[in-house]
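Please read the following note with the model at hand.

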Amino acid sequence: LCWMFRGALAEVDWVATNLPFIRNTRDTTFAIAAMMALMIVPIVRHPREDGTLAPVLMWEELKSIPWGVILILGGGLSLANGIQQSRLGDVIAEQAK
């Protein structure tokens, strides 16, 4: 929820006073924090042989994720952001006229 409501949370007095870093936190920070929470928080779905609870997301499950696709999508989004920030898209569009 912090990811989606970061702007609104930064305007709340209590959050702005006690968590001033929220305003400057980027999306990647929330994504990494969410992934870490999934690997730490235990649930009943994966009980271990000794009776303890395993985390929501196990390393075996992470190994089966198609990381190549995720990296290609992330690279494409990064490239698009770089083109937009540098105004290269405007230059290419102007040259194409």
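1. A salt bridge is counted when a side-chain nitrogen of Lys or Arg lies within 4 Å of a carboxyl oxygen of Asp or Glu. By that criterion, the whole structure holds two salt bridges. This is a predicted model, in which local features need pLDDT of at least 70 and side-chain atom pairs count only at pLDDT 80 or more, while totals for chains, interfaces and linings use all residues. Residues are numbered from 1 along each chain as its sequence is written, and side-chain values use heavy atoms, without hydrogens and water.

2. Arg87 pairs with Asp90, with 3.7 Å between the closest N and O atoms. Arg87 counts as exposed, at 56% relative accessibility, and Asp90 as partly exposed, at 47% (buried is under 20% relative accessible area, exposed over 50%, partly exposed in between; 1.4 Å probe, protein chains only).

3. Glu94 and Lys97 form a salt bridge at 3.8 Å, N to O. Glu94 is partly exposed at 49%, whereas Lys97 is exposed at 78%.

4. Helix H5 covers residues 67–86; at 1.5 Å a residue its 20 residues should span 28 Å, and the end C-alpha atoms are 28 Å apart, which agrees. The expected span is 1.5 Å times one less than the number of residues. Helices (H or I, at least four residues) and strands (E, at least two) are DSSP runs, numbered from the N terminus. Arg87 follows H5 and has a positive phi, near 65°.

5. Mean pLDDT (the predictor's confidence in each residue, from 0 to 100) is 81 for the chain, and 93% of residues reach 70 or more.
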